Amino acid sequence: GINAEYGGFFLFYKTALRCSTKPSYCNMTSELRKALFSSSKRILIKLGTGVVTQSDGSFALSRVANLVEQTAVLLDRGYEVILVSSGAVGLGKQKLLRQAYMTTSLKDHVSHNAPSEMQNSRACAAAGQSKLMALYHVMYSQKHIECSQILLTDEDFSTLERRNNLKHTIDYLLKLGVIPILNENDVISVRGKLSIDEDRDMKFWDNDSLAVLVSVVTGADLCILLSDVDGLYTAPPNTPGAKLIYTYSPEDALQYKIGEKSTLGRGGMQAKIEACVNALKRGVKAVVIASGFKSDTILHIMNGVLIGTLFVSNYDVFVNEGSSVKGKAKAARKASRKLLQLTADERSLILKEISRRLIQERDKIVDANLRDIMLAEDSGLAPSIISRLSIGPKLETLAKGIESIAEGAEPIGRIIRKTEVSSNLELRQITVPIGVLLIIFESRPDVLPQIAALAIKSGNGLILKGGKEASHTNQILHKIITDVIFEVTEGKVPREVIAITDNRHDIDELLKCENEIDLVIPRGSSTLVNYIKSNTRIPVLGHAEGICHIYIDEEVDIDKAISIVIDSKTDYPAACNAVETILLHKKLTHDLRAKQIISALKKANVIIYGGPQASSIYRLQKATTLRHEYSDLKVTLEIVDDLKAAIKYINENSSGHTDVIVTENKDKAQLFLRDVDSACVFHNASSRFSDGYRFALGAEVGISTARIHARGPVGVDGLLTTKWIMVSKDSHIVGDFTSGKRQYTLKRLPLSSKL
C-alpha cells in the first residue's frame, strides 16, 4: 500500500490505480500544470496562520511581504486575486497580552501573577483583525494596490440570496482592482459543529473550507491553500522514501483512506480533502495545497513548477490533450464529428429546444445580465458599451431567429456541382463544415446564442471568447446551450462541442492553435480585429469597423430621407450597421431641405459634427476625422457636389460595411449600387437592414468586409466549405485514360441526376 500524509495526516492507498495513463499520485508534467493555471482568470489564495504569523503570534513580515509581491505580479498579469487570511487571533493574543502587561499592577508583576497567555479567543480576534488589515494595507499601499476587509460566518453561506450578496460585493471590488481579504468573523461566530449549506455538500469548518466555499461562490478558477506543509505525502514526511503526491483526482477518491498513524486525527484531513473535491465538482478548475514558507510559491505554481499537491478533475483529459487551451480546441473538433453524425432533424431538434429554453430561462438570463450591467455602470464603462450588454429585450427575437435556423434547409452535404468524368465515373462537390471556429466578441452577449445556433446547424465545433464585461450572461447562456445539446442527444454529442472562455490571456494561446482551429471570426473594435489579423496564421473573417454612409441625392423625397436617416442612426446607435456619416448633395443647401434633415437629427438628440464644407456652412463643430465610428448618438455631416463625388468620398472613407443612397432617380441608384465598393449597398432603405436575421439568414456570426469566402452578413452558408466525392460504378484507373482504353467525357450534370 501507499500511505499519504498532510502535515501529520497521511493517506493509505488501498489498491493499485487502474488509470488509462498513470496513477494520479505521479507527476502531472510542468507543461500541463502551467497550461492549466495560465488559463485561470480568478485566483483565490488562502494563507494559513502558520504562514501569516511567527510561533509567538507576531506578523511574519518577510513571508507576507513576499506574498504581497507575488499577488502584485498576478494583478499586473491581468489575474483577479482574492485572499483568505488567517492570523487575526495570533496577532490579537500578542496585542492583548502586551496590553494586559501594561495594565497589571506592580504587585502582580513582583508576585508573578502577570498574565502569560490570553484565554478569550473572541477578544483576540477582535483585537487582531484590525492589526492584520492595517499591516496588509501598509504593504499593499507600497505597490499602489487597495485592499478591503470582509468578515464572514457560516450564516453568510446558508442561503442563495446571501451567497449572491457576497459574490456581487467581491465582483465589484475585483472590477475596481481591489484585493478582497476575507476571514472568518471569530468574534461572533457561534458554530460549534460542522456547518453544511442548503445543498448539503459544502462544509464550513475552518479557513481551508472557507477558502473553498468562497472559491465556489465567487466562481474562482484556481484555489491555492498555503500552509506550513508541502502537501500530501505517500508516507509520513520523515519516513525514508516518502514522496509528495503531486496530483490527486476525485476519480481516485475511493482508493484512499486516512492513515491510522495520523497524529492530528482523521476528521480534519478528511474534511479538507472533501472540501477540495467538492470545489472541483462545483466548478473550481483546480485546488493546490502547498507550503507558504518557501519563497515565490504562488508564482512557481502559476509557472507550472512541480510543487504542492494539485487537486484536479479529469486528469486523463489533461494528460491526453496537453494544453488546456489546445485541449478545448481538440475536444471541440472531436465533438463536432459527433455533431456531424446527427441527422438534419436531430440538429434541428437541438435548435428548437435551445429556442424554447431561452424563453423558459428568461429570469436566470436577465438576472445574470443585470449583474453585468450593474458592474459595468459601477466601473464607468461607456454608455455605448453598456447599451450593447443588455439582452432582456432581445430574447424573443433571438429565440425566433434560432427557430428560423432550425427550420431552414439542411446545409450539410448539399451538392453544388456534379460532373461526369467518364462513363460510370461521377465527381460531386458537396458542402461540409469548416471544422472548428474561434469567435472572439466584445460586450454583446446576444451574439452567443446566434453563433452557437449557426455552428450547430452547420456542424462546426465552436470556441467562444467573450468579453469580461458580459461574463455572467455568457456563462449562463453557454450552460443552457451545452446542457440542451447533451440532453437532446442523450450524451452522443458532448458539451465540449461548444467551449467558452473570458480570459484574455487565452487569446494569444488560441491564436497559436492553427492545427486545431480552422477559422477565426473577431467581432469588436478595429483594434481587436487588427490585432487578431496580425497575430495568427489561422484564416480570419471579419470587419474592422462599421463606418456606414447615407448619401441623400438632390432628387429625393425629403420625408423618406429623414425617416431613413433617423432610423439608421437612432434605432440602435451602438450597432455596426448604424449610419456614421451623412452626405448631402450641395443643392439641398440651397433650400430648406438640408436644414430639415439637421433639425430632425437634433430633435432625435443626435450630436452633429461637420466635415470641411458642412462645418463652414452650418457652423458645426468640426469632425476630428472623416473616418470615424461613433457607436453613439453622433454623426458626421458633409456636403458633396454630386453623385460621382459621393461615390468617391464613400470609397475613400467607408469601411466597406454598408452604404445607402436615397434618391427617386433609378438610374442614379443603379450607378451607386454598382460603383460603391462595400459588402452591402442599399437604395432607399435603412442601413440597419444589414443584418443576418433581416437577410433571412436566421442569424449571423458577423458581417464580413473581406472579399474571399464570405462577404456581408455571414450565416450558415458562410460557415461551410466543400469537399469532392468521386464515385465509380465499376473500377477506374488513370492508366486506362493514358493508354486510350477509356475516354474523358467531363460533362456537367444536373444536380438532380443519379449515377
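This is a predicted model: local features need pLDDT of at least 70, side-chain atom pairs count only at pLDDT 80 or more; totals for chains, interfaces and linings use all residues.
Residues are numbered from 1 along each chain as its sequence is written, and side-chain values use heavy atoms, with hydrogens and water left out.

Of the 755 residues of the protein chain, 55% count as buried, a term that stands for under 20% relative accessible area, as against over 50% for exposed and the range in between for partly exposed (1.4 Å probe, protein chains only). The secondary structure comprises 26 helices and 30 strands, taken as DSSP runs numbered from the N terminus (helices H or I with at least four residues, strands E with at least two). Among contacts in the protein chain with a separation of 6 or more, 75% are made by residues 24 or more positions apart, where contact means heavy atoms within 4.5 Å.

The largest nonpolar core has 48 residues, and those with the most contacts inside it are Ile456, Leu462, Leu464 and Ile498; such a core is a set of buried Ala, Val, Leu, Ile, Met, Phe, Trp, Tyr and Cys residues joined through side-chain atoms within 4.5 Å. Helix α17 (residues 447-458) gives the most to this core, contributing 8 residues. When residues up to four places away in sequence are not counted, Ile498 touches Ala452, Ile456, Leu462, Leu464, His478, Ile481, Thr482 and Ile485. Apart from this core lies another, of 39 residues, which includes Val81, Leu91, Ile181 and Val288.

Strand β4 (residues 80-85) is largely enclosed by the rest of the structure, because 6 of its 6 residues are buried. Both of its faces are covered, with Glu80, Ile82 and Val84 buried on one side and Val81, Leu83 and Ser85 buried on the other. In a regular strand the side chains alternate between the two faces of the sheet. Strand β3 (residues 42-47) runs parallel to β4 and is joined to it by 6 bridges, with Arg42 opposite Glu80; pairing requires that DSSP find at least two bridges between two strands. Strand β6 (residues 179-184) is likewise parallel to β4, to which it is joined by 2 bridges, and here Leu83 stands opposite Ile181.

A further parallel pair is formed by β25 (residues 658-662) and β26 (residues 680-683), which 4 bridges join, and Asp659 of this pair stands opposite Val681. Together with helix α25 (residues 666-675), these strands make a right-handed β-α-β unit, the hand being right if, with the strands pointing away from the viewer, the path from the first strand over the helix to the second runs clockwise.

Gln70, found in helix α3 (residues 61-76), is buried at 1% relative accessibility, and, leaving aside its neighbours within four places in sequence, Gln70 is in contact with Asp296, Thr297, Ile298 and Leu299.

The count of disulfides, defined as pairs of cysteine sulfur atoms within 2.5 Å, comes to 0. The sulfur of Cys276, a residue buried at 1% relative accessibility, is 6.9 Å from the closest cysteine sulfur, in Cys223, which is too far for a bond.
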